[in-house]
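Please read them beside the sequence and the structure.

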Amino acid sequence: MILLHAHELGKQFRVVIVDSRPKLRGQQLLRRLVEKGLNCTYTHINAVSYIMHEVSRVFLGAESILSNGTVYSRVGTASVAMVAHASRVPVIVCCEAYKFHERVQLDSICSNELGDPDAISSVQGRVDVNHLDGWSDIENLQLLNLIYDAMPSDYVSMIVTDYGMVPPTSVPVIVREYGREQVWI
């Protein structure tokens with residue numbers, strides 16, 4: 001919505017959509033933006049360091065933002081933010097305040113959702129890439145398909161929320177204040 005609004009205001013920009021397997025959710029965003037007339041480039045996450053020099057700022061969504069400023073989002077988000085940070089490109093996270101949480105998390109392993117391992121064992125539409133066929137029968141092999149990343153607040157330049165633009169250090173304040181708004185008397 002932020003990108004569409006800027007486009008409607010007549011701002012000139014190009015959107016680079018970085019996507020990853022197995023879900024390829026970026027294709028849905030790409031389709032919506034192209035249909036609305038935005039200039040887009042589509043690439044996969046393995047090319048993020050190559051394309052980053054063409055980027056002036058990175059916009060990311062979030063499933064949740066934790067009270068220590070950690071951004072909990074789709075797997076691959078932390079990698080994009082890390083490359084942006086190393087390239088001195090600001091990372092702006094867009095997240096509604098109701099997704100802010102008082103919990104603290106430092107990594108993606110302690111608490112995460114696991115996806116179907118079969119989703120990463122093959123490439124859809126490519127029967128020639130079947131190196132992991134029968135992987136479940138191999139005793140010393142385990143496939144790990146994490147759904148979310150925990151992105152450290154150090155990589156976040158600003159958070160755009162329904163309370164305005166705030167730094168990651170303001171998340172606990174918003175959690176406290178937003179919690180007060182939700183109390184029914």
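**Notes on the model**

1. Histidine 85 is placed in helix H4, which covers residues 77–86. The model is a predicted one. Is histidine 85 buried, partly exposed or exposed? Its relative accessibility is 42%. Since buried means under 20% and exposed over 50%, histidine 85 counts as partly exposed.

2. Which residues does histidine 85 touch, once its neighbours within four places in sequence are set aside? The contacts of histidine 85 are then Asp154 and Tyr155.

3. On aromatic rings, a search of the whole structure returns 1 aromatic pair. The pair consists of tyrosine 72 and tyrosine 148, with 5.0 Å from centre to centre and 25° between the planes. The pair counts as stacked, because the cut-off for stacked is planes under 30 degrees apart.

4. The two tyrosines come from distant parts of the chain, 76 residues apart. Tyrosine 72 belongs to strand S5 (residues 71–74), and tyrosine 148 to strand S8 (residues 148–151). Are these residues buried or exposed? Tyrosine 72 has a relative accessible area of 10% and is buried. Tyrosine 148, at 11%, is buried as well. Both calls follow because buried means under 20% relative accessible area.

5. As for the chain as a whole, it holds 6 helices and 10 strands. Its C-alpha atoms fill a box of roughly 55 × 40 × 35 Å along the principal axes. Of the contacts between residues at least 6 apart in sequence, 73% join residues at least 24 apart.

6. On surface and burial, 32% of the 185 residues count as buried. The accessible surface of the chain is about 12000 Å², and carbon and sulfur atoms account for 53% of that surface.

7. On charge, the chain carries 16 positive and 20 negative side chains. The centres of these two sets are 9 Å apart.

8. How confident is the predictor, and where is the mean pLDDT of an element lowest and highest? The chain has a mean pLDDT of 85, with 92% of its residues at 70 or more. Among the elements, helix H6 (residues 171–181) has the lowest mean pLDDT, 75. Strand S6 (residues 91–94) has the highest, 95.

Terms used. Residues are numbered from 1 along each chain as its sequence is written. This is a predicted model: local features need pLDDT of at least 70, side-chain atom pairs count only at pLDDT 80 or more; totals for chains, interfaces and linings use all residues. Side-chain values use heavy atoms; hydrogens and water are left out. Helices (H or I, at least four residues) and strands (E, at least two) are DSSP runs, numbered from the N terminus. Buried means under 20% relative accessible area, exposed over 50%, partly exposed in between (1.4 Å probe, protein chains only). Contact means heavy atoms within 4.5 Å. Accessible areas come from the Shrake-Rupley method with a 1.4 Å probe; for residues, only the protein chains shown count as cover. Lys and Arg count as positive and Asp and Glu as negative; His and the chain ends are not counted. The place of a charge is taken as NZ of Lys, CZ of Arg, CG of Asp or CD of Glu. pLDDT is the predictor's confidence in each residue, from 0 to 100. Rings of Phe, Tyr and Trp (its six-membered ring) pair if their centres lie within 6.5 Å; planes under 30 degrees apart count as stacked, over 60 as edge-to-face and the rest as tilted.
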